[in-house]
Amino acid sequence: MPKEFLIFAGTANPDLTSAIAAELKVLPGACTITRFPDGEISVELLQSVRRKEVFLLQTLSPPVNDHLIELLALTDACRRSAAARITAIVPYLGYTRSDKRHGRRQPIAGRMVADVMEAVGIDHVLTMDLHAPQIEGFFHIPVDNLSAVLTLSNTLGKKLAAGFVVVAPDGGALRLATEYAQRLNGTVAVLHKRRETGTRTHVTHLVGDVRDKPCLIVDDMISTGGTLASCIEALSRAGARPDFTIAATHGLLLPGARQKLSQEAVKKLLITDTIAGAPTDWPSLEVVSIAPVIAEAIKRLLEHQSLGEL
Ligand code: R5P
C-alpha cells in the first residue's frame, strides 16, 4: 500500500474512524475541529497534506448540517494546503431522500449537497447503500457506492428461521430486498407505502405471500422507525408469523424509533456502524461493523484496483 496517504475525520463517528484506522494500521491525521462561540465551525490541519492522497471520513448523521460543514471545511483546508487528491468517505450520505421534487416549490437537496461537495474540491466519493443508486448521477466525480448486504447477510445467515420471506417496506427497497433474497436464498414480498408526514407512513398494498411465514424486513435506513412499524403492522394483518427480523444499513434510530420497534414479534434488529451511538442496552439490536469493507475499499483505491466485489 502506498505510504503517502492520510485519513482525517470529522467528529460524527469517532469509533468508526478508529476501527478503519486500526484495519489499515495507521493513525488518523492530526487536526482540530472546534466551534466558535456563535456556533460556526473552525478546522485546522495539524500536519502537512502537500501532494498527499487524502481521505476525509465523515458520516452525515444528525446534526447533519454541522457534520456536512465539517466535511466541507476539512476539504477546503486540504485543497488550500495543496493535497494531491481528496476522497470523501461518507458512509451515510444525508439529504439523499430528497432526490426529486415532491411539490412544485421544493429543492432537490440531495443534488444541492452533491454540488456543494464538488464545488469545495472533493475529487471522489466513497459511500454505502445510497438511498437510491441513481443519486450517483448527482455528481460529476466518481462515486463508489459500497454495499453492506454481504456483511449483514453473513451475520443473518445463522439467525433466520426456515421459509422466511424478504420484505421490502416500499418500492424503493425492492432492489435491496432482491439482493438479500439472492444471497440468503429467500423469496421476496413488497409493500407499497404512502408517506403522510415525516413520521407517519401508511401501507396500501402488499405483493407476495407472507401467510404463516417469518419475515426478514430490509431497508437502507431506520430513521423514526415509522416505516418499519407500519410494515410490521401490515405484515401481521396479512397473516405473517410474529417472527420478524430487521436488517438496515444506516441505523439513525431517532427518538421514538426504539419504542416503535421494541415489539415481542421483532426478534432481531441488525444495523451497521455507519451511524454512531446505537444503544447498547437493547437486547434484540446488533451492530455489525462495516469498517473492514471501508478499509478494504481504501486499500483498493490506493492500489488502483477495482471495488466491484465490495
Ligand atoms: C424511505 O424511502 C427510506 O428507505 C426509509 O424507509 C425511511 O426513510 C425510513 O424512515 P423512518 O424510519 O422515519 O420511517
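A pocket is an open set of points, on a 1 Å grid over the protein atoms alone, with protein on both sides within 12 Å along at least five of seven lines; its lining residues have an atom within 4 Å of a point. All views show a predicted model.

**View 1. The largest pocket and its lining.** The largest pocket holds about 790 Å³ of space. Its lining counts 31 residues. Nearest the pocket centre are Arg 97, His 131, Asp 170, Lys 193 and Arg 195. S9 supplies the largest share, with five residues. By type, the lining of the largest pocket has 12 polar, 10 charged and nine nonpolar residues.

**View 2. The ligand in its place.** The ligand takes up the space of the largest pocket. Around the ligand stand 14 residues. The nearest of them are Arg 97, Asp 219, Asp 220, Thr 224 and Thr 227. Arg 97 is also among the residues nearest the centre of the largest pocket. The shell around the ligand is made up of six charged, six polar and two nonpolar residues.

**View 3. Elements that build the shell.** Strand S9 (187–195), strand S11 (215–222) and helix H6 (226–237) each bring at least two residues to the shell around the ligand. S11 contributes the most, four residues.

View 4. Asp 219 places a polar side-chain atom 2.5 Å from an oxygen atom of the ligand. For Asp 220, a polar side-chain atom is likewise 2.5 Å from a ligand oxygen atom. Ser 223 takes part through its backbone: a polar atom there lies 2.8 Å from an oxygen atom of the ligand. On its own the ligand has 370 Å² of accessible area, and the protein covers 93% of that area.

**View 5. Backbone geometry at Pro 63.** The peptide bond between Pro 62 and Pro 63 is cis, with omega at about -5 degrees. Most peptide bonds are trans. Pro 63 sits in the loop that runs between strand S4 (53–57) and helix H2 (64–80).

**View 6. Backbone geometry at Lys 25.** Lys 25 has a positive phi, near 55 degrees, although this residue is not glycine. Most residues other than glycine have a negative phi. The loop between helix H1 (14–24) and strand S2 (31–35) contains Lys 25.

Note on methods: Residues numbered from 1 in each chain as written. Predicted model: local features only at pLDDT ≥ 70, side-chain atom pairs only at ≥ 80, totals over all residues. Heavy atoms only, no water. Near = heavy atom within 4 Å. Polar contact = N/O pair within 3.5 Å; in protein donor to acceptor, adjacent residues only side chain to side chain. Areas by Shrake-Rupley, 256 points an atom, 1.4 Å probe, with all protein chains shown as cover. 1 Å grid on protein atoms, 1.4 Å probe; cavity = no way out; pocket = protein on both sides within 12 Å on 5 of 7 lines; lining within 4 Å. Sits in = over half its atoms within 2 Å of the grid points. Nonpolar A, V, L, I, M, F, W, Y, C, P; charged D, E, K, R; others polar. Points joined across faces, edges and corners; volume = space filled by probe spheres on them.
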